[in-house]
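Welcome! Please take a look at the structure shown here, and then read on for a short tour.

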Amino acid sequence: MLKKIVLAGGTGFIGQYLERTYTNQGYIVHIISRQPGQISWNDEAAMVDALENAGMVINLAGKSVNCRYNEKNKREIYESRTRTTEALGKAIGKCQNPPELWINSSTATIYRHAEDRPMTEATGELGTGFSVDVGKAWEDVFFRFNLPKTRQIALRLAIVLGADGGVMEPYINMVRFGLGGKQGEGKQMFSWIHIEDVYRIIEFLKQRKDLSGIFNASSPNPVTNKELMEQMRKVMGRRRGLPAPEWMLEMGAVFIGTETELILKSRWVVPERLERAGFRFSYDRLDRALWQILQEQKQEQEQY
């Protein structure tokens, strides 16, 4: 196998991080995307050529869920995940020397709203509703493929934190403008993962050829929403922050074009399989992750 990696849907926050990281390590990185200048999802021949002799393919494709769940957006969220996964599986199936490993994104939102106990891969209960249905369909399409030469892993990603994108900027702005109190009741669990640990999990799973199936990609120490906002205020040097009751969040969500589920659903997810396999997180606690991210942002701002 060549030192070659394929990133499908690799132009977003996580994809750009992985592209930079692997390129700096000397990998040839091919990106499949709808954006100009990349391999098109409609060009199966080019996809097969990129996948041929690649060591690994990582699929991150999917329309952002940070939008209103009207019928048009719901259809695009669903199809942008299931159709791309299906196209990728078919292209891998046509390779003479397919990638040894296919990692497909999934979502920690597939579990039910949980304030009573954590959700593991073995004992977690799947929820109901649109977001859960998308997660189920996404994984169903992925595991429908029988690819004898390609190991398949679905990463149920928690909310990814990093300096260059993701959810950090909205939370930072809330604290900066005095709105850094709890959202809703503040009891809902916030499962998260630092983007560096996403990369490290991928590398760990690449080396562990005995592992396949579903993995929760989440810090072993989720926090409540109230604790999240307390930590945000602490690292930003703000003593107080106004809370946002649910009715205010509903109004704000309509105004900025998003859904309150992203804030109010209690995601209590823990990485049982990864920890049992011996993986150790660089950022297992939220305070350390937030300090690192804010320091990196500060350094980047000073460079410009």
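## Aromatic pairs

This predicted model holds 9 aromatic pairs. Rings of Phe, Tyr and Trp (its six-membered ring) pair if their centres lie within 6.5 Å; planes under 30 degrees apart are stacked, over 60 edge-to-face, and the rest tilted. One of the pairs joins W102 and F142: with ring centres 4.6 Å apart and planes at 90°, the pair is edge-to-face. Because W102 sits in strand 4 (residues 101–107) and F142 in helix 4 (residues 130–144), the pair ties together parts 40 residues apart in sequence. Helices (H or I, at least four residues) and strands (E, at least two) are DSSP runs, numbered from the N terminus.

## Where two helices meet

Helix 5 (residues 168–176) packs against helix 7 (residues 225–236) at about 70°, their axes 10 Å apart. Axes are lines fitted to C-alpha atoms over the stretch in contact, and angles run from 0 to 180 degrees between N-to-C directions. The two helices are therefore roughly perpendicular; that term covers 65 to 115 degrees, while under 35 is roughly parallel, over 145 roughly antiparallel and the rest oblique.

## Reading the model

Residues are numbered from 1 along each chain as its sequence is written. Local features need pLDDT of at least 70 and side-chain atom pairs 80 or more, while totals for chains, interfaces and linings use all residues, and side-chain values use heavy atoms, leaving out hydrogens and water.
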